[in-house]
Amino acid sequence: MRAIEYRGAGGPEVLTEVDRPMPVPGPGEVLIKVAAFGLNRADVQQRRGVYPPPPGASDIPGLEVSGTVEALGEGTVGLAVGQRVCALLAGGGYARYVAVAAGQVLSVPETVDLVDAAGFMEVACTVVSNLFLEAGLARGDTVLLHGGAGGIGSMAIQLAAAAGARVLVTASSEEKIAHCLALGAAAGINYREEDFAARTKELTDGAGADVILDVVGAKYLEPNVRALAKDGTLVVIGLQGGAKAELNLGVLMAKRARVAGTTLRARPLEQKAKIVAAVKEHALPMLANGTLTLSIDRRFPFTEAALAHEYFDSGQHTGKIIVKF
Ligand SMILES: NC(=O)c1ccc[n+]([C@@H]2O[C@H](COP(=O)([O-])OP(=O)(O)OC[C@H]3O[C@@H](n4cnc5c(N)ncnc54)[C@H](OP(=O)(O)O)[C@@H]3O)[C@@H](O)[C@H]2O)c1
C-alpha cells in the first residue's frame, strides 16, 4: 500500500512516499481503506523529531482518518464491510490502509462528506475529553480557549457554545477572531495586542474563566492562573510556549483552582473507547444534523502531503487541513 514516512527529522521535505505492507486487523480491530487523513500539530512535532510515537504505535504518522471498512478482525462486532467510518489512531493514518481497535471507530453520518470527516475524530475526542470529562464544563460557565481559530479551537467553540457555555477565545489576528465569532464565540482577544488575563477579567466582571483550555503551556501558566475564576480548572493540552514554568501555589489555593494536563494519543485503549463513546453521544448527532461544522480550511491530494505540512507550518490556517487519496 502507499504510505508516507518521515525520512529523518526536519521540515516538510522529510515526508517520503513509500510502499508498505498492508496491515492485518487483529482481534477486535477494523481494517479501514483510508479516504483522507487530518493534519494535527502532533504530526508536525513527530516530523521535527520531538514527539516519537508511543510504544506499539506505527511509525507512519497520522492520528485520524476517514474511509470505508475493508475487513474485520476476529470477534469484531458492530461494524460492517463497506461502512463509511472515521477513526482515532495512535499513528498510521498517512497510508491507504490502517488497522485500529473497533472502539476507536465511528460511523460517518450520511449527511457528512467522507473526506471532510477525516478532520473529526482527533479534535472531537480532545475537546470532549478535556472540556467536559476533565474540566466538567457546564451550562452558564465561561470558558477561555487559546488558539481559538485552530483545529482544536474551532470545534471547541462550537461544542462549548452548544453546551450553554460563554466562549472567549484568543487568537493572533482580527481575521482569526472573526472566524471564531462566526463559530459561536462571544468575544475574541487578540493576544498580540492585549493582556489576555486582564481582558478575560474585564469580560467576566472580574470573575475570570471557569475553564481554560490551553495549548501554549509554560509561557501562559501565570496569566492563565490569573485569568481563572474561583473553583476554576485550567487544562493544558499543548506546549507551544514551553513545558517548564513557576507556579504560585498560594494563588491556586486561594482560588481553589485546579491545573490538569492530558494527552490523548498515549491513553490506554479503554480510556480512548470511553472518550469515543462520549463523542458518539454528544458530538456525532450535532455533526449529523449540521449544528456542528467541520471547519475545513483546505484539502490537499495525497501526492501533495508535503505542501499540506508547509501550509500547516505557515500558521495561516483556520480550522482543519485534510489530505485525501
Ligand atoms: N494533549 C492532547 O491530547 C492534544 C490533542 C490534540 C491537540 N493537542 C494540541 O493542541 C494544540 C492545537 O492543535 P491544533 O491541531 O488545533 O493546531 P492548530 O490548528 O495549528 O492550532 C493551534 C493554534 O494555536 C495558536 N498558536 C500557535 N502558537 C501560539 C503561541 N505561541 N501562542 C499562542 N497561540 C499560539 C495558533 O493560532 P494563532 O495564530 O492565533 O496564534 C493556532 O491557531 C497543539 O499544541 C496540539 O499539540 C493536544
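Visitor: Is Thr170 buried or exposed?
Guide: Thr170 counts as buried, because its relative accessibility is 1% and the cut-off for buried is under 20%. Keep in mind that this is a predicted model.

Visitor: Okay, where does Thr170 lie?
Guide: You'll find Thr170 in strand E9, which covers residues 166-171.

Visitor: And what does Thr170 touch, leaving out residues up to four places away in sequence?
Guide: Quite a list: Leu144, Leu145, His146, Gly147, Gly148, Ile189, Tyr191 and Phe196.

Visitor: Tyr191, hmm. Which residues come nearest to the ligand?
Guide: Tyr191 is one of those, along with Arg41, Ile152, Ser172 and Lys176. There are 24 residues around the ligand.

Visitor: How far is a polar side-chain atom of Lys176 from an oxygen atom of the ligand?
Guide: That one is 2.7 Å. Backbone atoms take part as well: an N or O of Ile152 lies 2.8 Å from a ligand oxygen, and for Gly150 the distance from a backbone N or O to a ligand oxygen is 3.3 Å.

Visitor: How much of the ligand's accessible area does the protein cover?
Guide: The protein covers 88% of it, where the ligand on its own has 910 Å².

Visitor: Switching topic. Which residues touch the most other members in the largest nonpolar core?
Guide: Those are Phe120, Leu131, Val143, Leu145 and Met155, in a core of 52 residues.

Visitor: What does Phe120 touch?
Guide: Not counting residues up to four places away in sequence, its contacts include Glu64, Cys86, Leu106, Met155 and Val279. Also among them are Ala283, Leu284, Leu287, Leu292 and Leu294.

Visitor: What about a second core?
Guide: A separate one has 35 residues, including Val14, Val34, Tyr94 and Val100. In soluble globular proteins, nonpolar side chains tend to be buried together.

Visitor: Last one: where does Ala257 lie?
Guide: Ala257 is in the loop between helix H7 (249-255) and strand E13 (258-261).

Visitor: Why does Ala257 count as buried?
Guide: Because its relative accessible area is 12%, and buried means under 20%.

Visitor: How far apart are Ala257 and Gly232?
Guide: In sequence, 25 residues; in space, 4.9 Å from C-alpha to C-alpha. Ala257 touches Gly232, and also Leu228 and Leu252, again not counting residues up to four places away in sequence.

Conventions: Residues are numbered from 1 along each chain as its sequence is written. This is a predicted model: local features need pLDDT of at least 70, side-chain atom pairs count only at pLDDT 80 or more; totals for chains, interfaces and linings use all residues. Side-chain values use heavy atoms; hydrogens and water are left out. A nonpolar core is a set of buried Ala, Val, Leu, Ile, Met, Phe, Trp, Tyr and Cys residues joined through side-chain atoms within 4.5 Å. Buried means under 20% relative accessible area, exposed over 50%, partly exposed in between (1.4 Å probe, protein chains only). Contact means heavy atoms within 4.5 Å. A residue is near a molecule or strand if one of its heavy atoms lies within 4 Å of it. A polar contact is a pair of N or O atoms within 3.5 Å; within protein, one must be able to donate a hydrogen and the other to accept it, and residues adjacent in sequence count only if both atoms are side-chain atoms. Accessible areas come from the Shrake-Rupley method with a 1.4 Å probe; for residues, only the protein chains shown count as cover. Helices (H or I, at least four residues) and strands (E, at least two) are DSSP runs, numbered from the N terminus.
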